[in-house]
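Dear colleague,

Please find the structure below for your review.

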Amino acid sequence: MNRKVMTAFLAASAVTVGLVMSGCKKESASQPSSGSQSEGKTASSSSGKVTLTVWESLNGPDEFIKQAGQAYTKTHPNVSINFVNVELGDASGQIALDGPANVGPDLFAAPHDKLGELVMGGHVLPTVDPSGVSKEVLGACSKALTYNDTMYGYPVSAETYALFYNKKLIPESEVPTTWDGLYDWVSKFNSANPGKQGFVMDVGNGYYTIIFTTEKNNRLFGTSGTDTSQSYLNTPAAIDGMTFFQKLRKVVDVPASDLATANADAAFQSGNAAMHITGLWNINPFEDAGLDFGVAPLPSLPGETTPAASFSGTRAMFVSAYTDHPAEAADFARFLLTPEMQQLRFNLTGAMPSINTQVSSKYMTGFLKQLDYAFPMPSIPEMGAFWETMGSTSTNIWNGANVKAELDACNAAIVQKK
């Protein structure tokens, strides 16, 4: 893999917020250079002012949209950008309500695994100049945003997660490369360090626990990510991996309710955990906390020799099917893919760029190594059932439930809900 940053991540927890919505119905404006959208919407043609409403998350992405909007307006003085906070995990549900009511955005951020749901609901427009966009961005990103041979959206960052380690608690030379090794190291560390944890992760979140189902190249919805005849979450490989996951409870003796993302993040950020699985979005908070930490690929599963496979994700800006300004919205989204804007996004959020551009970060090597073994989250509508079911399944297994019975029930629930 090219060691320029071609990168990865998700994210993770959605925060429900109060929304102040701005309508999509605006005065028309001149058509920008990128051309017009298809599928029923046409570019506006007058020279009036246009305000594009953009939904994005707080804690970095918001500032990116604001600064990118200011830069765009300098060269497109008839277009202004209005940021509205709608968190990444809330956008796909909110657009289904606000779009038809004409109080939604022109552009909104969403993870690529929501693509099938968005397309099937008629909420997003196809990418303008998909071949050109595909040439600009990482292959994994363009693939992630293609549904039924049509590309939708504009990838603004790529994501995966890896193993963070606190150098004050574990030397780099001791960072485990296998899960068996991690188990042994944590057992010794916890015995010698009361009040601290050798390892934490969100054990009730399928985004992370999926790694334990991936030995022997087992993949959610099959290797193509589109086989909905079964989930592949109750195969022998998945059962073996989740059995080891349950074994970790012996050395990480914390109930699932106390290992949610916020709790695990806080434990590592406070210096009370030696290792943690998370993504680039936590680089800035951990640095601000004064931690001396590193990032390594995930340990390999029992019987394997390569890092466990993680989910990779693409964060995209989608043009709403309800906008009155599809051409302007598409042009601004394309602007966000330029090297200057991708560098700005990295500086503000730490997110891995979606294009082949070089950024400077001492943590990037670990993520790039992990990215070699990551696989895109499926984008089919059945992912909604996966998130709903796999989280509770993981929680139950961690808390001692029968592994096979839980995974059988998980598979049945996902297939029934397709």
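**Surroundings of Phe367**

Apart from its neighbours within four places in sequence, Phe367 is in contact with Thr160, Tyr161, Ala162, Phe164, Thr278, Gly279, Leu280, Ile283, Val295 and Met352, where contact means heavy atoms within 4.5 Å. Phe367 lies in helix H13 (residues 364-371); helices (H or I, at least four residues) and strands (E, at least two) are DSSP runs, numbered from the N terminus. With a relative accessibility of 0%, Phe367 counts as buried. For this term, buried means under 20% relative accessible area, exposed means over 50%, and partly exposed lies in between (1.4 Å probe, protein chains only). The C-alpha atoms of Phe367 and Pro297 are separated by 6.7 Å, although the two are 70 residues apart along the chain.

**Basis of the model**

This is a predicted model, in which local features need pLDDT of at least 70 and side-chain atom pairs count only at pLDDT 80 or more, while totals for chains, interfaces and linings use all residues. Residues are numbered from 1 along each chain as its sequence is written, and side-chain values use heavy atoms, with hydrogens and water left out.

**The chain as a whole**

The protein chain has 15 helices and eleven strands. Of its 418 residues, 58% are buried. Among contacts with a separation of 6 or more, 79% are accounted for by residues 24 or more positions apart.

**Helices H1 and H11**

The axes of helix H1 (residues 61-75) and helix H11 (residues 326-335) come within 11 Å and cross at roughly 110°. H1 is therefore roughly perpendicular to H11, a term for angles of 65 to 115 degrees. Axes here are lines fitted to C-alpha atoms, for helices over the stretch in contact, and angles run from 0 to 180 degrees between N-to-C directions. In this pair, Ile65, Ala68, Gly69, Ala71 and Tyr72 of H1 meet Glu328, Asp331, Phe332 and Phe335 of H11. By class, the contact of H1 with H11 has six nonpolar, one polar and two charged residues; Ala, Val, Leu, Ile, Met, Phe, Trp, Tyr, Cys and Pro count as nonpolar, Asp, Glu, Lys and Arg as charged, and the others, Gly among them, as polar.

**Salt bridges**

The structure holds seven salt bridges, each defined as a side-chain nitrogen of Lys or Arg within 4 Å of a carboxyl oxygen of Asp or Glu. One of them joins the side chains of Arg345 and Glu56 (3.7 Å, N to O). This pair links distant parts of the chain, with Arg345 in helix H12 (residues 339-349) and Glu56 in strand S1 (residues 50-56), 289 residues apart. Both Arg345 and Glu56 are buried. Glu56, Arg315 and Arg345 are also linked in a network of salt bridges.

Two further pairs may be noted. Lys114 and Glu117 meet through their side chains in a salt bridge (3.7 Å, N to O), and Glu117 is partly exposed because its relative accessible area is 30%. Arg249 forms a salt bridge with Asp253, with the closest N and O atoms 3.6 Å apart; Asp253 counts as exposed, at 57% relative accessibility.

**Surroundings of Ser379**

Ser379 is placed in the loop between strand S11 (375-376) and helix H14 (383-398). Its relative accessibility is 11%, so Ser379 counts as buried. Leaving aside neighbours within four places in sequence, Ser379 is in contact with His112, Asp113, Leu115, Gly116, Ala144 and Tyr147.

Yours sincerely

Note on methods
Parallel < 35°, antiparallel > 145°, perpendicular 65-115°, else oblique.
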